[in-house]
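Here is a short report for a first look at this model. Start with the overall view, then turn to one residue.

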Amino acid sequence: MSTGSRVHPVAEHQQAVRALLANSLKRQVQQRTLAEAAGRILAEDVPAPRSLPPFANSQMDGYAVRSAELAVPDGSTVELQVAAPIPAGTAAPELHPGTAAPIMTGAMLPAGADAVVPIERAQPDSFFDPGDLNGARVLLPAGVRTGQFVRAAGSDIPAGTRALAQGTRLGPAQLGLLAALGIAAVPVLAPVRVTLLSTGDEVVEPGVDLAPGQIHDANTTLLTASLRDAGAEVVRSRILADSPEDFLAALRSELYRDRTDLVVTSGGISKGAYEVVRLALEAEGVAFLSVAMQPGGPQGIGMVDGVPFLGFPGNPVSALVSCEVFLRPALSALTGLPRPRPAVTAVLDAAADSPEGKLQVRRGRFRDGRVSLIGGPGSHLVHALAESNALVLIPESTGHLEAGAEVTVWLLE
């Protein structure tokens, strides 16, 4: 399905991509171990199955005491008998009146104790040898408050409280909390499964010698890495077909064999006579259109046998920019992954021209609030792309920017 010669605004195509995926992506939940769940989105609220800490414990190496026994005038000391030491990881016996128990950091506070005196405030200021405790006594300062250097049970999170909310991205801190709570596996949203197709006799795999007129396939590697960085599960495939009919048959075979949520292609969608992707899918109702963006003007969008389809241009920079501008934000909004690119305002180091009426996406190096454009606007400049850490957005309404002008940049690192 052709959309004529109208040039579509970038925002309009962004909404179209989001709508296409919103209507088709099915929410699938997987139970995954914590190691497997890293970086994924939590599918349900997770309540705390137990309190954290699960028991009152010492915040310091010192002596567990009854604070009431140290309630004497300030400046004085209290002498107590030394009880058996309490190492971490053991059950603590009850603390008897008139005694102080050596306790290690993280060890369970004994019943009867309600405070800890740090070892450096005791006299002597080092622990007795366990074999020399018979008759051992220690001087401790008066005026110890109840709860001093004690981590109360549930002071971090009480049992039954929501530990993590549905939609939380599971990073190191969140996974650490789950592990501390004793939770070994959690329900997470399944990653979006993308079938990434490459086409064209002129494109060969890296590592293969080039025949005259051939180039190495950068797009598949570039888009695979970008999609995986966006949290997608990527199935790579290659279709070589001399006719649109053969291409469509091969694509349907791929869709039949593998469950996929989205098909993405690069190349074969322009208006040339040999654009096999466009020729094969136009008759299936896929729209091939022009978007007001440079690079990345040609775009394909639609459904193939009930599966969403996005066609990106064949030049490497165009393919990546298309993924960044259209697909990545849609996935972020609909699934929570990936996180949106940080957008900051930067000062342009040098003047730049841009075609009016198009969003120009340039590559740049951002540092300390300033950005330098790297390479020209050409969509084949992969080296410039590799040296960039930002995409520089020059609006549709702008034909020229002087050095010192402010621009919006998306940070890639």
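## Contacts and basis

In the protein chain, take contacts (heavy atoms within 4.5 Å) between residues at least 6 apart in sequence: 71% of them join residues at least 24 apart.

This is a predicted model, where local features need pLDDT of at least 70, side-chain atom pairs count only at pLDDT 80 or more, and totals for chains, interfaces and linings use all residues. Residues are numbered from 1 along each chain as its sequence is written, and side-chain values use heavy atoms, with hydrogens and water left out.

## Overall form

The protein chain holds eight helices and 28 strands. These are DSSP runs, numbered from the N terminus: helices are H or I with at least four residues, strands E with at least two. The radius of gyration is 32 Å, well over the 22 Å of the globule rule for 413 residues, so the protein chain is more spread out than a compact globule. That radius is taken over C-alpha atoms, and the rule is 2.2 Å times the number of residues to the power 0.38. The C-alpha trace spans about 100 × 55 × 40 Å along its principal axes.

## Burial

Of the 413 residues, 46% count as buried. Buried means under 20% relative accessible area, exposed over 50%, and partly exposed in between (1.4 Å probe, protein chains only).

## Alanine 330

Alanine 330 sits in helix H7, residues 316-335. Its relative accessibility is 3%, so alanine 330 counts as buried. Leaving aside residues up to four places away in sequence, alanine 330 touches Val17, Arg18 and Leu21. Proline 340 is 10 residues from alanine 330 in sequence, and their C-alpha atoms are 9.7 Å apart.
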